[in-house]
Amino acid sequence: METGQCASPPLHRIYNPMPNVTRPRTSCSCPSSGFGLRQYVDKNKFNDIVRRRAEALAKDRVRRKTILNELLLAPPNSPLQYPIQGFIVSPLKKSIIPGLSVHTVEKQNYQVTLSVSSGVLAVEDLQEKDKVKGQGEKVLSISVSSLQSLNDLLGRISYRSTVYSIKSGDLDVNSQVTVTTKTFLRYPEVNYLIKSIRKFYKDIKIIIADDSLEPQKVNGTNIEQYFMPPAQGWFAGRNLAVSQVTTKYFLWVDDDFYFTSNTSIERFVEVMESMPELDVVAGSVGMYANSFTLIYDEGDEEGGCLTRVKGNYQPIPSIPNCFFTSGVINFFLARTDAVRKVGFDPLLKRVGHSEFFMDGLGELLVAICPEVGLNHQRRRANGKYRKFRIPPKSDTNGKLYLHFFKNHLKCMKW
C-alpha cells in the first residue's frame, strides 16, 4: 500500500549535556522467517515511492521533534562527562551509553561509580574483572590506575532497562541545579516553599540566605542555611546564596512561592542546554509572566537615558513558546558563572530587582518561557515584616542616586 506508514517500535527514553548530537544509526537485518517488504512494492514505482516515503518520514520527525530528543552531554565541570538527556534505548535491551568519559589530570588512582534506577549497567567485553564491581547491577564501580584504561572501560558501559515503559524518562536535575532563596522574618513561608519543593524534587539541594532578626533553624535534608547579620537586604542575600552554589545552574525563587506540577526545572535546563548563549530563563508566577525590555541611549557627558518597557523583544525561533527579553520575574534559572560576573549590588536592600538586569544589560542574554510556572502563597499577617518591607523614601532616593552615579544615567522612565 503506497500511502501506508510503519510505526517505529516504542522506545524507553532516558533524558539524561552538547545539543544536536545524533545517535549513530545502524542497519538492521530481517530474520529468515520475516517479510522483506521491498518485494511488495511495485517495481515500476519503487524509486518514486522510496523518495516520497523519505519525505514523509522527514516531515513526521519535524512534527514530533522536541528538545528532549537532543542528546545533551554534561561538559566535565566535575571531571565526569555523561549524558543527561536524549539517550534513547529500546525497552529491556542493552545500549552503549554515549559520551561517558573522565577529563582530569593524571593521578595514581581513579574511581568512578555510576548508578541507575530503572535498569542495570555493565561493561561490555569485560576482561579486567578485578577493576569493575557491580557488573549487571544498578550500581557499577570502576577502580583503575590509568586514565586511558578508565575511559576505555567507560566507553564500553551499557545500560539495559529492566522496567518496560515507552514514555518514561529522567533528566539528572539534582547534579545540575541548586534551588536558592532569601528569607527574612518569614519562616512559615519558607517552610511551606520547601515542603512544595520536596513534593516534586525530593533530593535537590536548597540554599537559604537568612538575615532575620531572630534566626531560626530550617530543618530538612540537603538544605544549607546561611545566617547573615540582621536586615542586610535582598541583594546581599542573593550574593551570599549564589556564592555557595556548586552546580552549573541555580533556580531563584522567593521565599513565599510554592512549587506545583507546572514547575518543571527540567524544561528550564532543556532550554538552557539547547541554547548555550542563554544566561537566564524565567517562567510565570501564578497568572503573571512579567517581563520587560530595556531601551538604553548612551547620551552625552550628562549621562544616558534608560527606559523600561513591559513585554519582550521577539520569540526565540528554535524554542517554542519562549521569548527574548531584558528582565524577568523572581522565578528564573540562571547560569551560575554568568550571574556571578554581574552580581547583586548590596547597596540595594529593599528597592531592587530590575537593577540586577540593568547591571546585566549587554552581558546577560535573558528569556522567558511562561509555560513553566509556580504560584504565590497567600499573604500571611506579619506586621514586623511589613514594617521592613515598605522602603523609606531615603532608600528610593539612594537608588536613584546610584543609577545617576554608578550607571551614568541622566534619566530613567519606568
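1. The structure holds 1 disulfide, a term used here for a pair of cysteine sulfur atoms within 2.5 Å. A disulfide is a covalent bond between the sulfur atoms of two cysteines. Here the partners are cysteine 322 and cysteine 369, with an S to S distance of 2.0 Å. The link of cysteine 322 and cysteine 369 is right-handed, with 115° about the S-S bond. Cysteine 322 sits in the loop between strand E20 (314-315) and strand E21 (323-325), while cysteine 369 belongs to strand E24, so the pair ties together parts that are 47 residues apart in sequence. Helices (H or I, at least four residues) and strands (E, at least two) are DSSP runs, numbered from the N terminus.

2. Before going further, a word on how to read the numbers. This is a predicted model, in which local features need pLDDT of at least 70 and side-chain atom pairs count only at pLDDT 80 or more, whereas totals for chains, interfaces and linings use all residues. Residues are numbered from 1 along each chain as its sequence is written, and side-chain values use heavy atoms, with hydrogens and water left out.

3. Buried means under 20% relative accessible area, exposed over 50%, and partly exposed in between (1.4 Å probe, protein chains only). Cysteine 305, at 22%, counts as partly exposed, and so does cysteine 411, with a relative accessible area of 35%.

4. Asparagine 321 deserves a look too: it has a positive phi of about 65° although it is not a glycine. Its place is the loop between E20 and E21. Leucine 185 also has a positive phi, of about 60°, and is not a glycine either. Most residues other than glycine have a negative phi. Leucine 185 lies in the loop between strand E12 (177-183) and helix H3 (187-200), and at 16% relative accessibility it counts as buried.

5. On to strand E17 (residues 280-285). Because 6 of its 6 residues are buried, E17 is largely enclosed by the rest of the structure. E17 pairs with strand E23 (residues 332-335) in the antiparallel sense over 3 bridges, and two strands count as paired if DSSP finds at least two bridges between them. Within that pairing, valine 281 stands opposite leucine 333. E17 and strand E24 (residues 366-376) run parallel and are joined by 5 bridges; there, valine 285 has leucine 374 as its bridge partner.

6. Phenylalanine 259 is found in the loop between E16 and helix H5 (265-274). This residue is buried, with a relative accessible area of 3%. Leaving aside neighbours within four places in sequence, phenylalanine 259 is in contact with several residues, including Leu193, Phe200, Leu251 and Leu374; contact means heavy atoms within 4.5 Å. How far apart are phenylalanine 259 and isoleucine 197 in sequence and in space? They are 62 residues apart in sequence and 5.7 Å apart in space, C-alpha to C-alpha.

7. Helix H5 is largely enclosed by the rest of the structure, because 8 of its 10 residues are buried. Among the buried residues of H5 are Arg267, Glu270 and Glu273, along with Phe268 and Val271.

8. Aspartate 255 may interest you for its side chain. It lies in the loop between strand E15 (249-252) and strand E16 (257-258), and at 3% relative accessibility it counts as buried. Its side chain makes a polar contact with the side chain of arginine 186 at 2.5 Å. A polar contact is a pair of N or O atoms within 3.5 Å; within protein, one must be able to donate a hydrogen and the other to accept it, and residues adjacent in sequence count only if both atoms are side-chain atoms. Not counting residues up to four places away in sequence, aspartate 255 also touches Lys182, Glu189 and Gln377, among others.

9. Last, an open sheet of 4 strands has the order E22-E18-E19-E25, with mixed pairing. Its edge strands are E22 (327-328) and E25 (409-413), each of which pairs on one side only. Strand E19 (residues 303-310) and E25 run parallel, joined by 4 bridges, and leucine 306 stands opposite methionine 412 in E25.
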